[in-house]
Amino acid sequence: MIALVDCNNFYASCERLFNPSLDNKPVVVLSNNDGCVIARSNEAKAMGIKMGAPAFMMEELLTQNKVSVFSSNYTLYGDLSNRVMQTIRQFVPTIEIYSIDEAFLDLSEMKYCDLFQLAQAIRETIISCIGIPITIGIAPTKTLAKMANRFAKKERKNIGVYMAQTQWQVDQMLNYTSVGDIWGIGSQHQQRLLQNNIHTGADLLKANEEWIRKNMTVTGQRLLNELKGISCIEWENMPPPKKGICTARSFGQLLSEKADIREALANYANTCAAKLRAQKTCTTLVHVFIQTNTHRTQDNQYFRSVSIPMEVATSNTAEIIAAALKGLDIIYRKGYNFKKVGVMVLDLVPQDKVQMGIFDTVDRKRGTDLMQVFDKVNTRFGKGLVRYAAQGYNKKWKLRQQKLSPCYTTNINEVPVIKC
């Protein structure tokens with residue numbers, strides 16, 4: 001059996017955790033630069049607020065209904081997510097973290113354990129010790145576990161757990177779930193299925209397999225097997241290394257000065273380098289791009305990109321920043337209002353399989369040792385404490401976060417204060 005643990009309205013729940021006055025009130029969280037809605041509480045959903053809706057188009061609705069609006073606080077959300085995952089690990093031997101608020105649990109080795117009681121214990125512990133509400137679905141496959149989790153949210157709100165162990169329980173869930181709500185079915189497949197009178201998971205299970213293979217290819221056949229209880233989705237104890245890493249963000253304000261854009265790009269390059277070292281890979285190609293705001297028709301538009309090959313694959317922050325800034329020198333043009341700059345590190349290779357260059361004069365060992373110290377200091381004493389001069393401190397490029405909540409759990413200066 002497989003369980004799926006899902007944190008309910010995770011971003012909104014994180015904001016409520018340290019502000020109980022938000023309980024039972026509508027809450028929304030916005031994307032970078034306070035642009036669009038990326039998370040909603042149940043109360044906000046009931047008001048008709050849609051995912052991805054632009055915040056500036058709903059100002060009157062948000063104000064009239066006293067909706068609490070927050071900028072995305074990924075530092076807080078990431079820390080609370082880690083706490084949830086570490087708590088889950090205390091109960092089960094194998095866990096696959098699927099996203100920041102979801103995890104699959106392998107229960108196959110717990111044959112003599114009451115899985116329903118185990119799920120309840122996990123849920124009660126997380127709610128009690130961390131304060132984040134969760135829902136758990138248990139079923140024979142990942143797809144059915146996803147479906148069981150959704151069924152629990154809709155039909156078992158008070159319990160928060162649903163276990164589809166018997167065929168009757170699986171059938172109940174399949175009849176309840178529309179095809180558009182099945183994990184792995186996108187809008188195009190949903191439309192095709194509805195046109196062929198396939199409306200629920202139960203209908204899909206009864207569909208002709210040859211028709212499924214023809215119209216939904218091997219993905220559809222795998223999905224059908226999953227619904228039959230035949231596990232087809234591989235288990236990933238560790239996420240595979242990324243084949244490319246990109247850091248690109250819109251500026252909090254339009255920028256035209258090259259010095260400001262250089263500072264932003266240097267910081268983004270530093271982030272890419274840190275991610276490379278975290279997954280033990282090196283890059284052989286640094287790609288840089290810059291663009292204006294296409295929605296500002298009154299401005300002259302400009303978009304350019306360039307790729308800078310590295311002589312030797314590297315994860316050294318100094319080398320990656322230097323390559324990125326070299327790329328910016330090539331593509332930057334004066335007289336434009338720029339909205340976004342980004343850097344991508346591509347053609348990654350494992351750090352233990354880097355091909356050295358015959359004319360390379362860089363002390364690679366010294367650079368590796370330096371980066372290890374660099375990462376340890378910043379991990380222990382705070383991100384960005386040690387930085388390269390090119391990264392600067394001006395931050396005109398910083399994201400607009402006018403409604404940002406404190407980092408309650410990671411910044412000693414922002415811990416909650418109890419007033420007597």
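These notebook entries record what I looked up in a predicted model.

**Entry 1. Strands 5 and 6**

I began with the pairing of strand 5, residues 94-99, and strand 6, residues 102-106. The two strands run antiparallel to each other, and their pairing extends over five bridges. I noted that they form a hairpin, with two residues between them. I then asked which residue of strand 6 stands opposite isoleucine 95. It is leucine 105. In general, side chains of a regular strand alternate between the two faces of the sheet.

**Entry 2. The largest cavity**

Rolling a probe the size of a water molecule over the atoms shows where empty space is left. I counted one cavity of 30 Å³ or more. The largest cavity holds about 30 Å³ of space. I listed its lining as Ala3, Leu105, Leu107, Leu115, Leu118, Ala119, Ile122, Ile136 and Ile138. Two elements, helix 5 (115-129) and strand 7 (134-139), each give two or more residues to this lining. Helix 5 has the largest share, with four residues. I recorded the lining by class as nine nonpolar residues, with no polar and no charged ones.

**Entry 3. The second largest pocket**

I turned to the open spaces and examined the second largest pocket, whose volume is about 1400 Å³. Its lining comprises 41 residues, and those closest to the centre are Asp6, Asn8, Asn9, Lys45 and Lys153. I then traced the elements behind the lining. At least two residues each come from strand 1 (2-7), helix 1 (10-17), strand 3 (37-40), helix 2 (42-46) and helix 6 (142-155). Which of the elements gives the most to this lining? I found that helix 6 does, with seven residues. By class, I recorded 16 charged, 14 nonpolar and eleven polar residues for the pocket, whereas the lining of the largest cavity has no polar and no charged residues.

**Entry 4. A nonpolar surface patch**

Finally, I looked at the surface. I asked which residues form a nonpolar patch there. Phe381, Leu385 and Val386 do, and together they have about 280 Å² of accessible area. I placed leucine 385 in the segment after helix 13, which spans residues 364-381.

How values were computed. Residues are numbered from 1 along each chain as its sequence is written. This is a predicted model: local features need pLDDT of at least 70, side-chain atom pairs count only at pLDDT 80 or more; totals for chains, interfaces and linings use all residues. Side-chain values use heavy atoms; hydrogens and water are left out. Patches are made of residues with over 30% relative accessible area and no salt bridge: like charges are joined within 9 Å, nonpolar side chains (Val, Leu, Ile, Met, Phe, Trp, Tyr) within 5 Å. Accessible areas come from the Shrake-Rupley method with a 1.4 Å probe; for residues, only the protein chains shown count as cover. A salt bridge is a side-chain nitrogen of Lys or Arg within 4 Å of a carboxyl oxygen of Asp or Glu. On a 1 Å grid over the protein atoms alone, a cavity is a set of points where a 1.4 Å probe fits but cannot get out, and a pocket is an open set with protein on both sides within 12 Å along at least five of seven lines; lining residues have an atom within 4 Å of a point. Grid points are joined across faces, edges and corners, and a volume is the space filled by probe spheres set on the points. Ala, Val, Leu, Ile, Met, Phe, Trp, Tyr, Cys and Pro count as nonpolar, Asp, Glu, Lys and Arg as charged, and the others, Gly among them, as polar. Two strands pair if DSSP finds at least two bridges between them.
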